[in-house]
Amino acid sequence: MTLTIQSPPWRVGVDVGGTFTDLVIADSDGRTEVFKVPSVPSDPGEGVINALITAAAAIDQPMDQFLGDCQFFLHGSTVATNTLLEGKGARVGLLTTKGFRDSLEARRGLRKDPWDHRTPYPPVLVPRYLRQPVAGRIAADGSEVEALNPDDVRAACKVFADNGVESIAVSLLNSFVNSAHEDAVAEILREENICEWISVSSDIVPVMGEYERTSTTAVNAYVMPRVASYLTALQQKLIDMGLKTKLLMLQSNGGAASLDQLIRQPVNLLLSGPSAGVGAMQHLAAGIGEDNLVSMEIGGTSCDVMLMHEGRVAITDALSVNDYDLVTPSVDIHTVGAGGGTIAGIDAAGLMYAGPEGAGARPGPAAYGHGGTRPTVTDAHLVLGRMRPGPYAGGSVSLDLAAAEKAIDTEIANDLGISRTEAAAGLIRIVEQNLLHAVERISIQRGYNPGRFMLIACGGAGPMHGASVGRKLGARAVYIPRQAGAFCAIGMQHADVRRDFVHVVMRELGDDAASAIAEGYAQLEAQALDALGDEGFSKEDTTFGYELDLHYEGQQWDVRVSLAPDATPDEIRAAFEREYDRQFGHTNPESRINVAKLRVVGIGKLPPLQDPTYDPVDKPVEPIETRPVYAESVREFLDTPVYRGADLHHGQTFAGPAIIEEATTTILVGPGDLVSIDALNNYTINFETED
């Protein structure tokens, strides 16, 4: 194996996925190298260590020297998400204001499908006997209506102790405007010493909306012990192996923070991993001069779709994981169960389906030979000639064509009375329709014309579907990074340290609002400076973003706008109505506008990495072979040139059909599509013909 990285200090990014754990090393000159090993679902940390062992061996360095030369170590982990999805969190006790014991279970009374009254909600994370009410009341304006009763808190502690509670959540009414009662409760809990883990809503999510605030705090308490033990153990293991720098974690907002700051707020890690795509998109946007991008990152289990408009990736507070509602700053990502390991079959009505269930790392697709027998997307591509039998993903697995054919035949083709090819092609067709809807969900349904955007096809499986989905979507072109299979791990190399802070205002936008906004911004700036100072950033190394949540009087939902901190009320109104009109197609100039929240985003800039550029090569492209590959546009096998990615260079252009085999992915180019390689050594596919 010939390595491109040469000179430390290294920057390491590790992304633990459902099928593979990706590790990317960047050297001081910006050159990168990707390593992939199978994930270990039972112990994700083992996958991280295995990836490090593989990388250290490849660069021929002892582990302690390799980690000792590491300048930054960034990690994206699915432990928080999996803990919630698998129902393997802690036994949680909840302290809530008397009279509001059942708000967590009552929810909002809203359903995604208003016609579906039967599908149950997921189990409440805190059973009723562990939801303990306490007397005391804070009014909406922050004044004390009733004093806190400490005896109620101590009585609840006895209930928690008797029932083996491992983690406690505290969410009292209106604590977002006055946290005095929650602070007093937390102090009593520490005195009683029932358990180590305490989550206080005014520290974690100081926003209006009792149900969402309580739900978020309960989820934080639920995942905290498992996440904290995993990450603390991993950090200590890395230190013992030679790591001298802090372990940085990717948060749901796309920015990094040290484990020390996140250990008590693991709810901010629920989109850790997929959110790293923000750093990758920002880096690509700067490199290719495009600021309207949609990324379609497809791994072994799922597809994550993200949109960048005019250089900004949207951040939302409304996050739902397995139907648990959360309020935490998160990248606006839409995820569907469609990946290389997506399982297909025949349903009770005799129709073919694909997903959302996935085969995971073990047993994986039938072609992996790890015991899987059900057909997956990977098996279908292998049957259609789009993937080569034999070693795959750096030799970590070997693809068995006969096993893939057997799975397609026995589970789909024979039951439907169709050919193996028709079954495999139908499977891919269903999956790509799901992918198309996922991209439309985050573009068209958000008010964006996909014809203005370039589609980034990434992840190990994304480039197999990028050209097909891009053409159906009407995207301008498809862009495929050379190392698309490690898109999120590469994004970690370009993530900055980020902290989000919010302050509730709730007042009408007018001339007298300017001073309140300025005062609120000053308070949030101070909090951001303290947090980033603890991460080692001075004021000169810190930048700020300023945002307002606004709505017309009488409306419940807010529209967020980014503005200069000294924007006048007229400038604020104009910005709000531009965004409101873009989203909803109209405005109400006569209506009053209310300011709901102020936000300050503190960014600690890590030293940038510059990708090397490549000189153009003036020589024709040469395939390594020609083999029959199924083309959906003509619905038959075509003799298709197969190119080795390492043989393709900047300046070369050729037309499809074609297969390009890269180290971390395989690229499918349709008939008539035009491929070019740019100065960053990445691929662009332009559409010259239509299906």
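Helices (H or I, at least four residues) are DSSP runs, numbered from the N terminus. The exercises below concern a predicted model.

**Exercise 1. Determine in which helix S215 is placed, and whether S215 is buried or exposed.**

Solution. 
1. Helix α8 covers residues 210-241, and S215 has its place in this helix.
2. A residue counts as buried when its relative accessible area is under 20%.
3. The relative accessible area of S215 is 4%, so S215 is buried.
4. Leaving aside residues up to four places away in sequence, S215 touches L104, D325 and L326.

**Exercise 2. Classify the aromatic pair of Y552 and Y580, and locate both residues.**

Solution. 
1. A pair of aromatic rings is described by the distance of the centres and the angle of the planes.
2. Rings pair if their centres lie within 6.5 Å, and planes over 60 degrees apart count as edge-to-face.
3. The ring centres of Y552 and Y580 are 4.9 Å apart and the planes stand at 70 degrees, so this pair is edge-to-face.
4. Y552 lies in strand β26 (residues 542-552) and Y580 in helix α17 (residues 569-584); the two are 28 residues apart, and the pair links distant parts of the chain.
5. Y552 and Y580 are both buried.
6. Ring pairs also join Y552 and Y580 with F576 and F584 in a cluster.

**Exercise 3. State which class the aromatic pair of Y643 and F654 belongs to, and where its residues lie.**

Solution. 
1. The centres of the two rings are 4.6 Å apart, with 40 degrees between the planes.
2. Planes under 30 degrees apart count as stacked and over 60 as edge-to-face, the rest being tilted.
3. The pair of Y643 and F654 is accordingly tilted.
4. Y643 belongs to strand β30 (residues 636-644) and F654 to strand β31 (residues 653-655), eleven residues apart.
5. Y643 and F654 are buried.

Note on methods
Residues numbered from 1 in each chain as written. Predicted model: local features only at pLDDT ≥ 70, side-chain atom pairs only at ≥ 80, totals over all residues. Heavy atoms only, no water. Buried < 20%, exposed > 50% of the residue type's maximum accessible area, 1.4 Å probe, protein only. Contact = heavy atoms within 4.5 Å. Phe/Tyr/Trp six-rings, centres within 6.5 Å; stacked < 30°, edge-to-face > 60°.
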